[in-house]
Amino acid sequence: MVRAGDRSGNFQTENTHVVERFTLGDADHINYEPTIVDKTIYTRPWRIGTVFYRRKEKNAQINEFKCVEFVEELIYGDLKKK
Amino acid sequence: MRFRVSIAALAAVAAVFALTAEPAIGQSAKAAAAAKSWTQPKTPWGDPDLQGTWTSDDCIGTPLNRPANFGERLNYTEQELVQRQDQLARQKQNDLQETVTPDQQVGTGPPGHWGERARRPCKQTSLIVDPPNGRTPDLLPEARTRRIPEGAGNNTPKADSWEDFSYYIRCISRGVTGSIFPVIYGNGQQIVQAPGYVTILQEMVHEARVIPLGGRPHASPNVRSYMGDPRGRWEGNTLVVETTNFLGNRTGIGLNGGGTPTSDALKLTERYTRTGPDEIRYEVTIDDPKTFMQPFKVTFPITQETGYQNFEYACHEGNYAMFDSLSGARAREKAAAEAAKKK
């Protein structure tokens, strides 16, 4: 099955093989390089390169991500009592 | 006829169980001996090591609130434990049958073996251990007026909107206690440690509780979430986690986050104590001065099991109950309106 693999409209299937490389560039940077291989949809392997930056704020922490409440209208809206 | 289980086959299965099923008493003595020779391992940086994937499966089916007939008795007798061991063996045997026998009445639920099962009998008559009657303390008057959503213990359900349903049914959250209290599936807790942090990855809703250790203050009271803001510390070999900053009026303390929703004053104090190579004693004190008359405490073991791992949680693709409940309610209203028109 072909599914959306990312928000840019690239695809992935059950044959998709991803090798991610996380390399510390220096104390506060990670070079992130995933290589995507899927002969059933891509003519050749391809690679993304991006940098992750360490959050330096005092007490930085990842906040909770609760997305569902913002999309329920889209998913079930037509079934709500009018 | 091919699928009907013959008496001979049943007898053979029973014989196998007789050989492999150890009585509960022998097993607990063995576990006690293993625990005696065991010492708490440490991480390379010196914290007690709790890492691994743990499950509350063994207390599946144990009620949160103790049935009144047990009074103040927390633990089953040895004889009752043997009976429960027999029940588990029978359940395991039933799970081996892939099809039902002809003429047997079946419901709409999935076959039993799709769920998770206890591997050994839970020793407790209830998950609540304090107060001594093993029951949730009385609610404060204000808390009694809070709406309990459909799917969380509501006896007068409506399905006007998805918002009438529990946060569990909506694939949003079961809250902290609902994410570890034993239910029929999805009880996995993967603990990963790093210097200064303990992370607990929960199977259901794939919640990741990232718990900073060592005196870091809680976030501002203005920052609130379903799973709250946890802070951890070590007391000896026990991990103590205090969680505050909850959103009010979301999930309750029942199984799957059901029951009366707790308030924004909720404070949970959890204690994780590894008692052997494959067992952690889990304890949580629930203190919500805007909901309950007094704090109360829940305890049960979580265990490490060979081959057990967290599965991916993908709730929405299969959440037909929401579509069906809402569309069913709308269809019923339409039919009623048409019938009224004909009159």
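B:N249 is partly exposed, since it has 15 C-beta neighbours inside 10 Å. Here buried means 20 or more other C-beta atoms within 10 Å of a residue's own, exposed means 12 or fewer, and partly exposed lies in between, with C-beta atoms placed from the backbone. The model is predicted: local features need pLDDT of at least 70, side-chain atom pairs count only at pLDDT 80 or more, and totals for chains, interfaces and linings use all residues. Residues are numbered from 1 along each chain as its sequence is written, and chains are lettered from A and ligands numbered from 1 in the order in which they are written.

B:N249 sits in the loop between β7 (238-244) and β8 (267-276) of chain B. Strands (E, at least two residues) and helices (H or I, at least four) are DSSP runs, numbered from the N terminus. B:N256 lies in the loop between β7 and β8 of chain B.

| Residue | Phi | C-beta atoms within 10 Å |
|---|---|---|
| B:N249 | positive, about 60° | 15, partly exposed |
| B:N256 | positive, near 60° | 24, buried |

Most residues other than glycine have a negative phi, and most peptide bonds are trans. A cis peptide bond joins B:D130 and B:P131, with omega about 10°. B:P131 is in the loop between β2 (128-130) and α4 (141-144) of chain B.

Chain A has 1 helix and 6 strands. Its radius of gyration, taken over C-alpha atoms, is 19 Å, well over the 12 Å from the globule rule (2.2 Å times the number of residues to the power 0.38) for 82 residues, so chain A is more spread out than a compact globule. Buried residues make up 2% of the 82.
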